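Here are a few friendly notes to read alongside the model. Have the chains open as you go through the points.

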Amino acid sequence: MKMFTIIGKYFVLMGNVFTKPVRPSIFFKRVLDEIEQIGVDSLWIVAIVSIFMGAVLTLQVAINFEAPYIPKYLIGLSARDTMILEFSSTIICLILAGKVGSNIASEIGTMRITEQIDALEIMGVNSAGYLILPKMIAAFLTFPVLNILSIILGIFGGYAVASFTDTVMVYDYLYGLNYAFVPFYVTYSLIKICVFSLIITSVSSFYGYYTYGGALEVGQSSTKAVVYSIILILLFNLILTQLLLT
Amino acid sequence: MIEVKNISKSFNNNHVLKNVSADFVPGKISMVIGKSGSGKTVLLKSVIGLHTPDEGEIFFDKREFTKANMKFKRQIRQEIGMVFQGGALFTSSNIEDNIRFPLDLFTNMTKTEKKKRVDFCLERVNMEDSNKLFPAEISGGMQKRVSIARAIVLNPKYLFCDEPNSGLDPQTAILIDRLIKEITAEYNTTTIVNTHDMNSVIEIADNIYFIHEGQKWWEGGRDDIFYSDNKELNDFVFASDLYKKIKALAK
């Protein structure tokens, strides 16, 4: 019963979020601020994780492909497809659920308990639309960029392994990158990250918006935001893969 | 004028407000007093629409507010200034941005006009030259003053203050009280103040509403409070020895 109440409250909140902004110029400025906070500030973590994971992935595949009858170019192919299909969309979003999601939930939760949201409402502002919609739009616009960046940097990490170690030849790695490339995989990855961006921002905002109490409850909301975002990302990953790839 | 007619509110079968009626008139300070948990904050939040009453009606200058749609409520709210207990300033913005925020949203003023208006409001609360400071960089009393400046920036018809003196030293509390009194007279606002602070009540109240166990237990003027025989009111107002002596002297 409680679960249905939560789902109902979530959709009521989303109904309030998608309303016409009071002033388009202020709304546009809010979106730009959120792009910086949600997208630009996440660049470094996405870059670091992607480079290292691409490198490690290439090393692990190379170690497991030691048999002489397995073509070495498959190492490049596996690194590419793993980055595109799963790592740069799903795994990056699980990381961003922790970074961006907890940030959103604690920011909005703190605004709630310090009556800043009430202050917005009293001024005649639709607080849900003012606070949440710019975050959702910002994530929707920047996460696909992070996705592409992650793919490129992950593949570059693998290339660095090929260049600086003798586990795989650079020629084999590059040949594998070009071998049997399916462009739709990139589209699939982009679709997934767009859906995940909305899940992370809306679920985290929901838990922040309905925080009541004090600092302890803000922490709890933040944790719930991350946990439920991750669960929903994994669930939608399964659904979207079934819908788009099979 | 704000008319509150027979409003009741309960949370999970706990009746917090029971059939409360009150008329809050322009140019006067109406103070709502009562013990913690008596229902005065729920009353205030019901009047401004943060809670929806289970029963009863609220009128802002004859405009029905309780059953109005959200769009209409937001229009009326643009005529309301509110000073929250903790100030409720936007912590990520500096003082100037905090005060300018309602102007950005609801007026077509130029940048210069907005700057002039913000400076005027800051001057009004004796906070000139603090435009670029952030809320975390100023004291609690200053935050309250900035909150008042933000509340009056759109020349509100109605001013609500939720425990404006809580956590302030007596001198700052008196400053805030006088500011509320001056603003009420200057803008002819309908001012409603929720408070525990009996000094404030004696200092600035025009009308007093004593809320006890969710009901309006007593209503009267500032001087009437000294001569009332209402037991619960006397127990609340004259709890300290000092106020007992003042009451004895008054009698």
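**Notes on chain B**

1. Helix α5 (residues 140–152) of chain B lies across β6 and β7 (158–162) of chain B, and its direction is at about 175° to that of β6(B). Helices (H or I, at least four residues) and strands (E, at least two) are DSSP runs numbered from the N terminus. Axes are lines fitted to C-alpha atoms, for helices over the stretch in contact, with angles from 0 to 180 degrees between N-to-C directions. Contact means C-beta atoms, placed from the backbone, within 7 Å.

2. This is a predicted model: local features need pLDDT of at least 70 and side-chain atom pairs count only at pLDDT 80 or more, while totals for chains, interfaces and linings use all residues. Residues are numbered from 1 along each chain as its sequence is written, with chains lettered from A and ligands numbered from 1 in the order in which they are written.

3. Six strands of chain B make an open, mixed sheet in the order β6-β7-β8-β3-β9-β10. β6 and β10 (215–221) of chain B are at its edges with a single partner strand each, so one side of each has no neighbour in the sheet. Strands pair if DSSP finds at least two bridges between them.

4. Within that sheet, β3 (residues 29–33) and β9 (residues 207–212) of chain B run parallel, joined by four bridges. M31(B) has I208(B) as its bridge partner in β9(B).

5. An open antiparallel sheet has four strands in the order β2-β1-β4-β5 (chain B). Its edge strands are β2 (14–24) and β5 (63–64) of chain B.

Note on methods
Two residues are in contact if their C-beta atoms, placed from the backbone, lie within 7 Å.
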